[in-house]
Amino acid sequence: MSAAIVEILSAEEIRRTITRLSSEIIERIGDLSKLVLIGIYTRGVPLAELMAAQIEVLEQEKVLTGALDITFYRDDLDQIGMRTPAKSQIPFDLTGKIVVLVDDVIYKGRTIRAALNAVIEYGRPEVIYLAVLVDRGHRQVPIHPDFIGKNLPTSSDETVKVYLQAIDGRDAVELTRGKEDVPVNP
């Protein structure tokens with residue numbers, strides 16, 4: 001059986017979704033002087049940067065951005081395997097800030113749980129919100145995004161893959177159904 005790949009969001013739809021999410025953040029936050037967007041490695045980082053750029057276009061106010069690696073805060077390293085950690089880049093104190101954590105896909109919620117633990121290492125924010133490009137459901141922890149680009153109900157045997165220009169050379173969100181054929185070595 002081969003996998004079926006369906007495009008969920010095109011490059012243009014991702015652009016519009018980022019514009020909408022940025023507008024929703026502006027509306028909710030109000031005072032942008034305290035706003036900080038923190039992207040979770042890997043694809044949350046360029047998403048946070050795109051949102052910050054869009055907010056600057058819409059409001060003529062520059063927003064601080066940072067990059068957060070949650071590797072050592074995960075509770076499932078034994079299951080997912082160790083990867084080479086990236087270096088978190090948050091060169092400012094988060095105390096009193098309005099932090100929006102940004103990630104590409106929320107699934108079980110464990111990445112966000114780890115991110116909440118990691119972000120506290122950088123100060124005590126006034127409030128922490130969560131923005132995701134895709135919410136695919138199936139939470140294992142009680143975490144819900146505040147800003148959602150697309151709700152995408154999935155089954156556990158489906159995979160959601162986000163491609164971003166800055167990392168992958170193209171923008172798209174794809175859903176893979178079924179298992180991919182794996183060649184068998186003779």
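Ala172 is in contact (heavy atoms within 4.5 Å) with Glu7, Leu9, Ile14, Lys161, Val162 and Tyr163, leaving aside its neighbours within four places in sequence. The model is predicted: local features need pLDDT of at least 70, side-chain atom pairs count only at pLDDT 80 or more, and totals for chains, interfaces and linings use all residues. Residues are numbered from 1 along each chain as its sequence is written, and side-chain values use heavy atoms, with hydrogens and water left out.

**Ala172**
- Ala172 lies in strand S8, residues 172–177. Strands (E, at least two residues) and helices (H or I, at least four) are DSSP runs, numbered from the N terminus.
- Ala172 has a relative accessible area of 1%, so it counts as buried (under 20%; exposed is over 50%, partly exposed in between; 1.4 Å probe, protein chains only).
- Ser10 is 162 residues away from Ala172 in sequence, yet their C-alpha atoms are 4.9 Å apart.

**The sheet**
- Three strands form an open sheet in the order S1-S8-S7, with antiparallel pairing. Two strands pair if DSSP finds at least two bridges between them.
- Strands S1 (4–9) and S7 (159–163) are at the edges; each has a single partner strand, so one side of each has no neighbour in the sheet.
- The twist averages 25 degrees from one strand to the next. Axes are lines fitted to C-alpha atoms, for helices over the stretch in contact, and angles run from 0 to 180 degrees between N-to-C directions.
- S1 and S8 are joined by 5 bridges in the antiparallel sense. Ala4 has Arg177 of S8 as its bridge partner.
- Helix H1 packs on the sheet and touches S1, S7 and S8. The direction of H1 makes about 40 degrees with that of S1.

**Second largest pocket**
- The volume of this pocket is about 220 Å³. A pocket is an open set of points on a 1 Å grid over the protein atoms alone, where a 1.4 Å probe fits, with protein on both sides within 12 Å along at least five of seven lines.
- The pocket is lined by 14 residues (an atom within 4 Å of a point); closest to its centre are Ile14, Arg15, Ile18, Leu50 and Asp171.
- Helices H1 (11–29), H2 (44–59) and H5 (165–168) each give two or more residues to the lining. H1 gives the most, with 6 residues.

**Gln54**
- Gln54 sits in helix H2. Gln54 is buried, at a relative accessible area of 19%.
- Beyond four places in sequence, Gln54 is in contact with Thr19 and Ser22.

Note on methods
Points joined across faces, edges and corners; volume = space filled by probe spheres on them.
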